[in-house]
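Hi,

Here is the structure I promised to pass on.

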Amino acid sequence: DQLAYWAVTVITQIVEYIPLIGKHLAYLLRGSDTVDGNTLINFYTLHTGIIPLLFVVLMSVHFWLVRKAGGVALPKADDKQKVDVIPNLLWKEIMVASILIGGLFLVSVFYEAPLLDQA
């Protein structure tokens with residue numbers, strides 16, 4: 001729709017101001033010199049593939065670093081007491097992620113977001 005078209009246009013023009021790589025990065029995001037069908041495919045791929053994969057990689061590194069440290073230190077603990085990663089932290093993070101995904105699902109089912117004028 002028009003809102004998405006102009007949002008992508010503005011964002012890719014802002015990206016062009018990055019020194020040295022801005023023009024090339026904006027071209028990579030758009031897929032051409034202008035916002036068109038290639039841009040739609042690029043942003044779809046970015047939002048459904050690349051960003052989630054990046055989050056999985058960053059979370060894996062985070063979990064590995066916590067595991068390597070032997071757990072998480074409790075605040076104000078004089079005796080260096082730590083909380084075990086498995087099962088304590090892992091269970092809590094799975095529950096929070098499940099609640100967030102469930103909430104996102106409910107919002108997407110019940111919130112109406114119609115498309116506006118065609119771009």
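A question to start: does Glu16 count as buried, partly exposed or exposed? At 26% relative accessibility, Glu16 counts as partly exposed (buried is under 20% relative accessible area, exposed is over 50%, and partly exposed is in between, with a 1.4 Å probe and protein chains only).

Before the rest, the ground rules. This is a predicted model, where local features need pLDDT of at least 70 and side-chain atom pairs count only at pLDDT 80 or more, while totals for chains, interfaces and linings use all residues. Residues are numbered from 1 along each chain as its sequence is written, and side-chain values use heavy atoms, with hydrogens and water left out.

Now the overall layout. The protein chain has four helices and two strands (DSSP runs numbered from the N terminus: H or I of at least four residues for helices, E of at least two for strands). Read from the N terminus, the order is α-α-α-β-β-α. Of its 119 residues, 13% count as buried.

Back to Glu16, which pairs with Arg30 in a salt bridge, the closest N and O atoms being 2.9 Å apart (the cut-off is a side-chain nitrogen of Lys or Arg within 4 Å of a carboxyl oxygen of Asp or Glu). The structure holds one salt bridge. Glu16 sits in the loop between helix H1 (2-15) and H2, and Arg30 is in helix H2, 14 residues away. Arg30 itself is buried, at a relative accessible area of 7%.

Leu20 is not a glycine, yet has a positive phi of about 70 degrees; at 83% relative accessibility, Leu20 counts as exposed.

Next, the helix packing. The axes of H2 (residues 22-30) and H3 (residues 37-69) come within 7 Å and cross at roughly 90 degrees (axes are lines fitted to C-alpha atoms, for helices over the stretch in contact, with angles from 0 to 180 degrees between N-to-C directions). So H2 is roughly perpendicular to H3 (65 to 115 degrees; under 35 is roughly parallel, over 145 roughly antiparallel, the rest oblique). Leu28, Leu29 and Arg30 in H2 meet Asn38, Thr39, Asn42, Phe43 and Leu46 in H3 (contact means heavy atoms within 4.5 Å).

Lastly, an unreviewed UniProt entry lists residues 44-66 and 89-111 under "transmembrane region". In the model, residues 44-66 are 100% helix and 0% strand, with end C-alpha atoms 33 Å apart. Residues 89-111 come to 96% helix and 0% strand, with end C-alpha atoms 32 Å apart.

Cheers

Technical notes:
UniProt positions are given in the numbering used here, feature names are shortened, and annotations may be inferred rather than shown by experiment.
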